[in-house]
Amino acid sequence: GTPREFCTITVTDGLAMGHQGMKSSLASREVIADSVELTMRGHSYDALVGLAGCDKSLPGMMMSMLRLNVPSVFMYGGSILPGKFQGRDVTVVDVFEAVGQHAAGKMSDEDLFALECVACPSAGACGGQFTANTMAMVSEGIGLALPGSAGAPAPYEERDRFAVLSGQAVMNVLEKNIRPRDICTMKAFENAAVLVGATGGSTNAALHLPAMASEAGLRFTLDDVAAIMRRTPYIADLKPGGKYVALDVHNVGGIPVIMKALLDAGLLHGDCMTVTGKTIAENLKDVVFPENQDVIYPVSRAITPTGGVVGLKGNLAPDSAIVKVAGLKVQKFTGSALCFDCEEDAFKAVQERAYKKGDVIVIRYEGPRGGPGMREMLSTTAAIYGQDMGEHVALITDGRFSGGTRGFCVGHVGPEAAVGGPIALLKDGDQITIDAVAGTIDVALSDEEFARRRAEWKPRKTDYNSGAIWRYAQNVGPAHLGALTHPGAAAETHVYADI
């Protein structure tokens, strides 16, 4: 094979977080997939090795593989090494939470600066089971990446070996005509959702898996993801809900160990094809589960019997909503709505401690269409945790959360405020009840009161009235279907790989 290298963009979420730049993040997923598609089509390339690092580049690259359906192999750029601060492992999320501690007078200027200096000691994507590492696990679990390739940290030289092996693998799948849609079947998407649930992975997987499925002509919604996670045991003690990072998983055998534990318990479809040309079961045949470690538990001793992410529905979220419960002590919450129409206003209120125990902080008009761009709310949620209020308030939004978010934080509330969803009709003081055990989210309002408020509601304009983000807002669909900007493979009359 003759290799040709080309690049696409990435928006680094660590830099984009907490300001208007985050509106570009989810939109960048579509630009990544589109730009890879156009380059492949323009040059009539026969196969693809996709290399990705930060959050949106992983699903964006896998979406393009499924859209084009040329023989493809995915390779993760690798995770960052953990920082060390006062004798413990730290990640970038510890810095975000430290900002809240500093604002609350619980951390000195000197300690905050010292933490900032050590939290990110190497190249690589954020180190916990945040979005990048979650989607890296998906790449192996769904069969698009070589076993073990997603676990090695970015600075480790063994990544060179996986790069060579990925090149060999793509020539093998090209010769055998094994295509991404042969690999990413409905069973494979179910495997991916199991892996996310079992590791307390990012809620963003419930956005990216439906989008990837659509590229393969499959309907796999947030509800489907949530239903699988609800019956999946939580077995990997990873940040942000747990205590370990990606390096620890690698040190005990990597993602194949997690998959082996799930396969042996009958929770994975072992007959799914992968880019090795073998099935999941064949790939894992010789993997031995390591004893004398507490990073990954066998299913028989799961941390909790259900997965780390839960779907919610109710009169406040008729389409759906999602919450990460991994590491969460309180799974039922009733409180008074405190409403904000953008993240900046909510963050300012948190910084000024203009909220109280028992509040449900509502951040709306931050959905895919209304934001536009469906921002992540890590700055706000981390500041709340830094003020030791993480267990005493809840937060709901039609936007998203970082994979690093912890606490009772409900995202993807749909329909979003911009299209007149119930979240747009809330007022301060409304009583909201969230029950992650039952999977419900409701506000104590009658149908008549909802109807009265809906009649008074008027759509809002944004400040994005031209350019890429305006174009994104015109085309983007609802979050529970993946926030897609095109119809997907279901509407195809040709597949690129066949022309």
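Select the lining of the second largest pocket: 8 of its residues are nonpolar, 5 polar and 8 charged. Here Ala, Val, Leu, Ile, Met, Phe, Trp, Tyr, Cys and Pro count as nonpolar, Asp, Glu, Lys and Arg as charged, and the others, including Gly, as polar. A pocket is an open set of points on a 1 Å grid over the protein atoms alone, with protein on both sides within 12 Å along at least five of seven lines; its lining residues have an atom within 4 Å of a point.

This is a predicted model, in which local features need pLDDT of at least 70 and side-chain atom pairs count only at pLDDT 80 or more, while totals for chains, interfaces and linings use all residues. Residues are numbered from 1 along each chain as its sequence is written, and side-chain values use heavy atoms, leaving out hydrogens and water.

**The second largest pocket**

The second largest pocket holds about 340 Å³ of space; a volume is the space filled by probe spheres set on the grid points, which are joined across faces, edges and corners. Of its 21 lining residues, pick out Arg88, Asp94, Glu97, Gln101 and Arg406, the closest to the centre. Then colour H4, helix H5 (109-118) and helix H16 (378-386), the elements that give two or more residues to this lining. Helices (H or I, at least four residues) and strands (E, at least two) are DSSP runs numbered from the N terminus. H4 gives the most to the lining of the second largest pocket, 5 residues.

**The largest pocket**

Next, go to the largest pocket, with about 950 Å³ of space. It is lined by 32 residues, and Arg4, Glu5, Phe6, Leu48 and Val49 are the closest to its centre. Helix H2 (25-43), strand E1 (48-52), helix H3 (57-68) and helix H7 (158-176) each supply at least two lining residues. H7 gives the most, with 6 residues. By class, this lining has 19 nonpolar, 10 polar and 3 charged residues.

**Valine 73**

Now select valine 73, in strand E2 (residues 72-76). Is valine 73 buried or exposed? Valine 73 is buried, because its relative accessible area is 0%. Buried means under 20% relative accessible area, exposed over 50%, and partly exposed in between (1.4 Å probe, protein chains only). Beyond residues up to four places away in sequence, valine 73 touches, among others, Leu48, Val49, Met65, Leu144 and Val275; contact means heavy atoms within 4.5 Å. For a distance across the model, draw a line from the C-alpha atom of valine 73 to that of glycine 308: it spans 28 Å, and the two are 235 residues apart along the chain.

**The nonpolar cores**

Show Leu58, Phe74, Ile142, Phe189, Leu209 and Ile296, which touch the most other members of the largest nonpolar core, a set of 79 residues. The largest share of this core, 8 residues, comes from H9. A nonpolar core is a set of buried Ala, Val, Leu, Ile, Met, Phe, Trp, Tyr and Cys residues joined through side-chain atoms within 4.5 Å. Zoom in on isoleucine 296: leaving aside neighbours within four places in sequence, its contacts include Ile235, Ala236, Val249, Ile258 and Phe289. A second, separate core has 31 residues, among them Val310, Ala317, Ala394 and Phe408.

**Helix H11**

Move to helix H11 (residues 222-230) and select its buried residues, Leu222, Val225, Ala226, Ile228 and Met229. They lie on the same side of H11, because they cover an arc of only 160 degrees around the axis (taken from the directions from the helix axis to the C-beta atoms). The cover over these buried residues includes helix H9 (186-198), helix H10 (205-215), strand E5 (309-314), strand E6 (317-324) and strand E10 (409-414).

**The cavities**

Last, look inside. How many cavities of 30 Å³ or more are found in the whole structure? The search finds 5; a cavity is a set of grid points where a 1.4 Å probe fits but cannot get out. Asp13, Asp55, Val92, Cys126 and Ser402 lie nearest its centre, out of 17 lining residues. H4 supplies the largest share of that lining, 3 residues.

The second largest cavity has a volume of about 90 Å³. Its lining includes Ser79, Gln129, Asn133, Leu238 and Ile255. H6 gives the most to the lining of the second largest cavity, 3 residues. That lining divides into 7 nonpolar, 4 polar and no charged residues.
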